[in-house]
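Okay, thanks for coming, everyone. Let me put the structure up and talk you through it.

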Amino acid sequence: MVNDIHIVEEPKKTLSMHPKKFALWLFMVSIVMLFAAWTSAYIVKKASGDWQLIEIPQVLWVSSLVIMLSSVSMHWSKISAKKDSIPQLKMGLIITLLLGLVFLALQWQAWGQLVDQQAHFVGKPSSSFIYILTGMHGLHLISGLIFVGIILAAAWQYKIHSRSMVRIEMCTTYWHFLGGLWLYLFIFLLLNH
Amino acid sequence: MATADIHVDEGLQHHDDHEHDHHDQNFWTKYVFSEDHKTIAKQFLITGIFWALLGGLMSVLFRLQLGFPDMSLEWLRPILGGWLTDAGKLDTEFYLALVTMHGTIMVFFVLTAGLSGTFSNFLIPLQVGARDMASGFMNMLSYWFFFASSAVMFTSLFLSTGPASGGWVIYPPLSALPQAMSGSGLGMTLWLVSMALFIISTLLGGINYVTTVINLRTKGMSFSKLPLTIWAFFLTAVIGLLSFPVLFAAALLLIFDRSFGTSFYLSDIYIGGEALPNSGGSPVLFQHLFWFLGHPEVYIVLLPALGITSEIISTNSRKPIFGYRAMIGSLLGIAILSFIVWAHHMFVTGMNPFLGSIFMLLTLIIAVPSAVKVFNYLTTLWRGNLVFTPAMLFSIGLVSFFISGGLTGIHLGNAAIDIQLHDTYFVVAHFHIVMGSASFFGMLAGIYHWFPKMFGRMMDRRLGYLHFWLTFIGVYMVFFPMHYIGMAGFPRRYYSFTNFDAFNSFADLNALISVAAIITLAAQFIFLFNFFYCIFRGRKASANPWKSNTLEWTTPRNPGHGNWPGEIPTVYRWPYDYSKPGAEEDFIPQHIPYSETPESNLPHENDLVRIETQDGDAIRVSDQGTEE
């Protein structure tokens, strides 16, 4: 009898996400604010005159292509992890890592092309800003590479698979974000140089 | 394959458990590098108190100069040494350093880290019903980044060239050129390093607070049942996440200008008749970036205090908070508006007057949510069964400051008046009352109210009353006369007024302010004694000394790691069921289901019980009393 009249005043479970994934999104929000500050400072500075026209290095087109490809390989390795095909997972991560390094090398080359047209870091803000935007993005990309490296090490120890996806999912999110951030910066520079 | 996977998972699980065991044993991991949110909160609190004392002492030093310009400070030579001139007076540059460090310390180290760091850390997991923060490790890092930042800032006080001296707003070119003043040398570099560390600490903390509030709430704790403290901490953290990166961006460009020779903020500057190579930059750009953080920062400082006050006033009025949803709405409104009013700090920078009027309009709109909050505080107090605990007195003090400081905000928000009053003591009076003192009172109220939960003991009430009255009267004695001095035209940050005939007649008023400041600071030692004495010797607290509804009072007297020894309580009702008609006691905590309180349930609450029992054998609430 007592069992029958058990009171079931059960409130709903609260909405929630995976806390670490959520924290990553918040982290990306703060990075967005960082670059929003720089790009809006860029626009404000440009609007106030005394602006030098700088040609955007052609090599940045190549690096944009490279980072888009690396997003594809990253995604491929995530899908492979979901299917438990570990060799493809590792291969995808290695390709991502290499493409990331190629991207950084190309960015470095772009700085060289800027110097060739006498646009130095120390000079008018019009050229300094390009270095700030590319350099700070590069720093964040290095943090992404470290993340990919950690995931690769974990994949080597068979710690990434279809039932342990959180870390690689976070890494993929972050990597796509860094790629998207670069595309935003590139288009921004093309439109506002 | 499957077994292998399970094995791996178990291995990970085991690893985690092993780490946890480790934490409980070792002194270093328990009290120093702790990952427990309660310990981290206390670390923030103690560090904040240290900084508050230092910042307060600095303010008394420059008040001595302003109130008694002829006084010899020779007796301070053992502490100040070379910062005194041969005549025994404060060095002029040191005066600027004092003002700068007082501002930096109070705004960032006391009222941001000390207030949010303490109470967000302490209360979020306890009030939403979580075992700990989303990431204890990040939380620990947050404190230790703050500690490193504090250490760097503290070191800068002992430099022979002095700490940063360009004002807490560090406007270039003053802060960008080491030639400009001695404090813009190494002192400014350390200031920037310290703030970079501080921003990392704030972001780590803020990410944790937001994640915890959204994802780790206990069963039943919907957003419409969250205590207003949590709403305030949550929105504060969101504001911080959006605005601190912008300060970081601004500071980084300043670092490049200072140390690498770029010209983001510098252009056409001549020093000693010689032109600097920098060209093309704009110092106003820095002001835009700085105030995009700087204004939300005001609310980062104030919102937690408002949240704490809402909770304390409702508990001690023994009444539900008036307009719970309006309170949330006004917090949201303030949070959103805080991002679109920054240029009201810049009315005199040569900004387009049309733009100025837009920012003026937006600024004045903030008066609406602020007035909603004041109205709701007063209507909550109205005809309540007021219990005047020290925490309650400090909360009422906050409301008083929020009104009197808010009214002058309406003056200053108008560009036409602000151009007249800009950079005078009127501004100083305004923000010290509405932001400084109000938030400080919120912090003190929080300490008095949650001390029993933090340390398991009570603070002494009588000393609390004495502390309150001396501080409350002291604050008004300090800042009220400042309005007159400001209207008379006294500029901020001036070392001395004795050379100006126009200002001589206010010498006695300045002396009065200084005496009041000294008394107010002295009163804080009553608090310090009370605080530290009662940690060890205070009367032992009962589990729920204020008869409060929120979840933290359902924990044991000294909650251990994980907060609740058994299961985390489930939440059934909002946190403000005080003096509910029909109820046996004048409070019903959040974890009491409606089915246990048939005598006080409202019709729609009874419906809730019925719906919830439908899956089993549906029973009537009225039957239920006899069964149990």
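So, chain A has five helices and zero strands, where helices (H or I, at least four residues) and strands (E, at least two) are DSSP runs numbered from the N terminus. Its radius of gyration, taken over C-alpha atoms, is 22 Å, well over the 16 Å that the globule rule gives for 193 residues, so chain A is more spread out than a compact globule. That rule is 2.2 Å times the number of residues to the power 0.38.

Some housekeeping: this is a predicted model, where local features need pLDDT of at least 70, side-chain atom pairs count only at pLDDT 80 or more, and totals for chains, interfaces and linings use all residues. Residues are numbered from 1 along each chain as its sequence is written, while chains are lettered from A and ligands numbered from 1 in the order in which they are written.

On pLDDT, the predictor's per-residue confidence from 0 to 100, chain A averages 91. Over residues 1-6 of chain A, though, the pLDDT is below 50.

Now, how buried is chain A? Of its 193 residues, 33% count as buried, meaning 20 or more other C-beta atoms, placed from the backbone, lie within 10 Å of the residue's own.

Over in chain B, 23 of the 30 residues of α7(B) are buried, so that helix is largely enclosed by the rest of the structure.

Last one: B:Ala250 touches A:Ala37, as well as B:Phe286, B:Leu289 and B:Phe290, not counting residues up to four places away in sequence. Contact there means C-beta atoms, placed from the backbone, within 7 Å.

Methods
Two residues are in contact if their C-beta atoms, placed from the backbone, lie within 7 Å. A residue is buried if 20 or more other C-beta atoms lie within 10 Å of its own, exposed if 12 or fewer, and partly exposed in between; C-beta atoms are placed from the backbone.
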